[in-house]
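Dear colleague,

Please find the structure below, handed over for your review. My notes on it follow.

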Amino acid sequence: MLDSSLEPDWDEDNVNHIAEHGLRPEQVEEVYYGEGPFPPLAFKTKKRGGRVTECRYRLWGTDASGMYIEAIIAPYPGYGLWRCVTAFPMSPKTQKAFLRRTKKWKNSQKEL
């Protein structure tokens, strides 16, 4: 899962990229660290480039204001960092799937 001890790695490239989608780094950080009203969901994926396989996470969550955001995160634990590859507002279809899974999570927490 996501490592909350890692620090975000922002530079002009990824800041400008997510800005094209109407987002700011703070919003992605709020999703990553679970500061929104719903807990984030992370799905592990692998990106293959030649012989190198890089671990990435597709992250679904909300920022502190409740905006639904989807982000692709590349963790680099050896450097103590995570990097946002891209982030954008969730599509209505993805938002529906996120809420369905979040509801299941909340129900399982009630049983504990």
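Is Glu 70 buried or exposed? Glu 70 is buried, with a relative accessible area of 6% (buried means under 20%, exposed over 50%, partly exposed in between, with a 1.4 Å probe and protein chains only).

This is a predicted model, in which local features need pLDDT of at least 70, side-chain atom pairs count only at pLDDT 80 or more, and totals for chains, interfaces and linings use all residues. Residues are numbered from 1 along each chain as its sequence is written, and side-chain values use heavy atoms, leaving out hydrogens and water.

The side chain of Glu 70 meets that of Arg 58 in a salt bridge of 2.3 Å, N to O (a side-chain nitrogen of Lys or Arg within 4 Å of a carboxyl oxygen of Asp or Glu). Arg 58 lies in strand S3 and Glu 70 in strand S4, so the pair ties together parts that are twelve residues apart in sequence (strands are DSSP runs of E, at least two residues; helices are runs of H or I, at least four; both are numbered from the N terminus). Arg 58 is partly exposed at 32% relative accessibility.

Strand S4 is largely enclosed by the rest of the structure, because eight of its nine residues are buried. S4 pairs with strand S5 in the antiparallel sense over eight bridges (pairing requires at least two DSSP bridges).

Yours sincerely
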